[in-house]
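Reader: Please take me closely through one part of this model, the aromatic side chains. State the cut-offs as you go.

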Amino acid sequence: TWLRWKGQKVEFCRCAVRGRVRCHEIPVTKCFVSKCYNGGTCKEAVYSNDFICLCPPGFTGTQCEINTAERCSGGQGLGYRGTWSISMSGLECINWNSSSLRGKKFTARRPEANTLGLGNHNYCRNPDGDTKPWCYVYKKAQFSWEFCFLPTCIIDPYLECTRGSGQTYRGTKAVSRSGLKCLSWDSPAVSRKIYNAWRSDAREMGIGSHNFSRKTPSITTLGPRAPITNNNQGETRLRVVLGRTFRLQNSSSEQIFDVEKYWIHEQYDDETYDNDIALLKLKSEFGICALHSPEVLPACLPEPNLCEISGYGKEEEFSPFYSERIKRGLVRLWPQEQCVPEKLSGRLVTPNMLCAGDTRGLDDACKGDSGGPLVCPKNGRMTLMGLISWGDGCGKKDTPGVYTRVTNYTNWISSKMRAN
């Protein structure tokens, strides 16, 4: 059985005798938690948990997870969500949901299939971090895998000069005006930049797995919606990524927003980390803001008690590497009388801070997690109790992490939101 759209209404369908389809209209309501990606509209059947997505132009799939306009692969193609389905030898890819793939490591039956781009389709994907997208194929009477014959961004090695503003330049010059060598557009170092190889329109801009010079649209003339900067300079360079599982890999579940404006607390002290809190206003396009989904849910402001922390920080205090995948840990709130300098190498603890730690000595925040959430369950909802701020090392026995006490800032947050 399945749901389908009939104009603006929804029908419930089932298979009948002789391969016929029988459908009838059913009442639906807006999904309490959206299960649709890329701005899709989610409707849920009133008398069941079945849902259906109405996808915006350019997207398709059960959850609008497929980008029909994505024509090429940048870099390793980790975030490729297009519709190419032919292997290097010209074979048609097998559906990731096919029962013939039972026992294979990467199929649509994996718990995190949506994040990896796998689903009820046969489009090329790179779920395991290989060098390029691939798929399963049926070859020589057995099931195996092959890389896909997927187009990459266009490069013209014979183009020596630019015309006009250089917007259409597709040559191979890779040195800046000051003589420095350009970074590759798919380098992890530029993954947070507005223009990189993982954009859906990367091919049109000539951006891909290379370091050749390209002219991207100007970001200096933002027009009438440009934010006015005073004490919050640099906000046009900030972006917020919601729903991403891996730190440097795109996923079909993520939602990306520019930051229109932000506020650092007026009494923030960068010596003691007192008042360590900032509020960001997301810049929405066409009135669309963050959508609830299985990977993106809001946390309520507080009014505890096993709580949860999460982030991409280091797994050990002196590790040179940050976590590639978002991780979470469980901690307990400490009584305020134990949240004292004596527990934290003599460092000042103010009433605007709270302590939390794991008595097992297993879970703790570390460098790179700062700003992340400390959420605790309350009345069936997760409540934002703290923000990861600082600590004395990572994971030390009987040593808590220190968090910004969000309860002290609900009025400050509300005042900023009302005024903006």
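Author: A point of orientation comes first: the span of residues 27-65 is 0% helix and 36% strand, and its end C-alpha atoms lie 25 Å apart. Helices (H or I, at least four residues) and strands (E, at least two) are DSSP runs, numbered from the N terminus. An unreviewed UniProt entry annotates residues 27-65 as "domain: EGF-like"; UniProt positions are given in the numbering used here, feature names are shortened, and such annotations may be inferred rather than shown by experiment.

The model is predicted: local features need pLDDT of at least 70 and side-chain atom pairs count only at pLDDT 80 or more, while totals for chains, interfaces and linings use all residues. Residues are numbered from 1 along each chain as its sequence is written, and side-chain values use heavy atoms, with hydrogens and water left out.

Now the rings. A pair of aromatic rings is described by the distance of the centres and the angle of the planes. Searching the whole structure gives 7 aromatic pairs. Rings of Phe, Tyr and Trp (its six-membered ring) pair if their centres lie within 6.5 Å; planes under 30 degrees apart count as stacked, over 60 as edge-to-face and the rest as tilted.

One of the pairs is Trp-96 with Tyr-136, edge-to-face at 65° between the planes and 5.6 Å centre to centre. This pair links distant parts of the chain, 40 residues apart: Trp-96 is in the loop between β8 (66-67) and α1 (113-116), and Tyr-136 is in strand β9 (residues 134-139). Trp-96 is buried at 0%, and Tyr-136 is buried at 6%.

Tyr-138 and Phe-143 make another pair, with ring centres 4.8 Å apart; their planes are at 55°, so this pair is tilted. Here Tyr-138 is partly exposed, with a relative accessible area of 48%, and Phe-143 is partly exposed at 31%.

Trp-96 and Tyr-136 also belong to one aromatic cluster, together with Phe-106, Trp-134, Trp-145 and Phe-147. Phe-147 has a charge over its face as well: Lys-132 lies 5.8 Å from the ring centre. The criterion is that NZ of Lys or CZ of Arg is within 6 Å of the ring centre and within 35 degrees of the ring normal. Elsewhere, the charged end of Lys-314 sits over the ring of Tyr-322, 5.3 Å from its centre.

How values were computed:
Buried means under 20% relative accessible area, exposed over 50%, partly exposed in between (1.4 Å probe, protein chains only).
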